[in-house]
Amino acid sequence: MKKIITFFILFFTCFGFLTASAYELNKTDKIYVGGQSIGIKLNSGVIVIGTYGILEEGKVYKPWQDAGLTEGDQIVSLNQKEITDIKSLLKALTASNGKECSMEYVRNGKKFNTTIKPVLTEQAYSLGLYVKDSILGVGTLTYYIKELNLYGSLGHPITQNDFYSGEIYEAKVNQIIKPTRTEAGEKRATIDSKSIGTIDKNTNTGVHGHTNENFDSSSMEALEMKTRDEIHLGDAEIWTCISGKKVEKYKINITGLAKQKTKNIKGITFEVTDDRLLTATGGIIQGMSGSPIVQDNKIIGAVTHVLVSNSKKGYGIYLEFMLEDMGITIKEE
């Protein structure tokens with residue numbers, strides 16, 4: 001049976017959960033298998049998404065140009081004040097009183113320092129930057145461990161940038177866009193406004209975190225697991241949602257299994273063989289990332305990527321790697 005090695009309890013208003021620093025599962029233990037679509041919102045920090053010139057008294061100012069900022073940069077501090085969202089950026093700009101500021105930003109994973117001088121407009125101080133502080137997308141829930149209120153999803157990172165917090169939401173699929181020769185298809189969904197969990201980690205193996213009291217697992221099935229050495233070529237299934245909130249099972253054929261000792265999101269190669277899915281979606285489409293892969297009625301991994309040139313073919317990650325990022329190991333019997 002499952003054994004908590006070390007843990008501590010976090011209490012929230014009317015709700016508590018376990019956060020395990022090390023947690024063991026036997027392969028015969030069962031975890032809940034997902035497949036439902038979820039909205040994923042990452043508070044990703046303040047990211048530059050565009051620039052503009054500031055026209056004041058007949059002159060155009062471009063503070064960002066003098067500072068060397070460009071699209072994709074993440075602002076992390078202004079005058080030694082941490083910048084985590086747009087509100088904190090505006091507060092720091094107001095405090096600057098228009099004087100030249102020191103700024104720290106991240107580009108391609110590396111930190112840089114610069115100086116920048118805000119421009120006073122009729123409304124407020126401005127840097128001539130369009131910014132965003134969150135990323136919203138649609139993915140698929142992979143697994144849920146009830147004893148820990150713990151979930152894993154997506155199978156790959158939603159962004160390479162650092163983030164500070166996030167939430168997941170229920171989602172209802174309302175449209176399927178089929179793939180073309182040059183572009184992957186996608187499922188479009190309406191995202192509910194009520195959060196069903198928090199995001200604790202955005203890692204190379206997916207988006208992970210804890211569910212809250214709004215999360216409903218009553219329709220989910222609990223299955224045993226397979227370690228990567230037990231998976232074989234041949235018949236398997238992916239569980240996913242392509243209409244409304246209904247999770248369905250679709251046949252695939254596993255064509256390749258990479259022997260991996262370190263985490264990699266392309267360990268399982270497969271091809272969709274289910275005519276129902278091929279007719280409805282053309283194969284694997286965006287939004288299916290995280291869809292559980294099941295073989296011999298045991299969960300083995302999750303869908304991560306599709307071949308754009310052939311949407312019938314895709315890749316998956318081993319379940320073990322997703323669990324490891326939340327401190328969970330599958331115990332060898």
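Predicted model: local features only at pLDDT ≥ 70, side-chain atom pairs only at ≥ 80, totals over all residues.
Student: What makes β24 and β25 count as paired strands?

Tutor: Pairing requires at least two bridges. Four bridges join β24 (residues 292-295) to β25 (residues 298-307), and the two run antiparallel. One of the contacts involves Val-294, whose bridge partner in β25 is Ile-299.

Student: Why is β21 also said to pair with β24?

Tutor: The requirement is at least two bridges, and β21 (residues 234-243) and β24 have two, in the antiparallel sense. Here Glu-237 stands opposite Val-294.

Student: Which residues of β24 point one way, and which the other?

Tutor: Pro-292 and Val-294 point one way, Ile-293 and Gln-295 the other, and all are buried.

Student: Why is the contact between Asp-296 and Lys-226 called a salt bridge?

Tutor: The cut-off is 4 Å between a side-chain nitrogen of Lys or Arg and a carboxyl oxygen of Asp or Glu. For Asp-296 and Lys-226 the N to O distance is 2.7 Å, so the contact qualifies as a salt bridge. Asp-296 lies in the loop between β24 and β25, Lys-226 in the loop between β20 and β21, 70 residues apart. Asp-296 also takes a positive phi near 55 degrees in the hairpin of β24 and β25.

Student: Why does Lys-226 count as buried?

Tutor: Buried means under 20% relative accessible area; Lys-226 has 6%, and therefore counts as buried.

Student: How do you know that Glu-230 and Lys-27 form a salt bridge?

Tutor: Their side chains meet at 3.1 Å, N to O, and the limit is 4 Å, so the pair qualifies. Glu-230 lies in the loop between β20 and β21 and Lys-27 in the loop between β2 and β3, so the pair ties together parts that are 203 residues apart in sequence.

Student: Why are Glu-230 and Lys-27 described by separate accessibility terms?

Tutor: Under 20% is buried, over 50% is exposed, and partly exposed lies in between. Glu-230, at 32%, is therefore partly exposed, whereas Lys-27, at 11%, is buried.

Student: Which residues are linked in a network of salt bridges?

Tutor: Glu-170, Asp-192 and Lys-245 are linked in this way. The count of salt bridges comes to twelve.

Methods: Residues numbered from 1 in each chain as written. Heavy atoms only, no water. Buried < 20%, exposed > 50% of the residue type's maximum accessible area, 1.4 Å probe, protein only.
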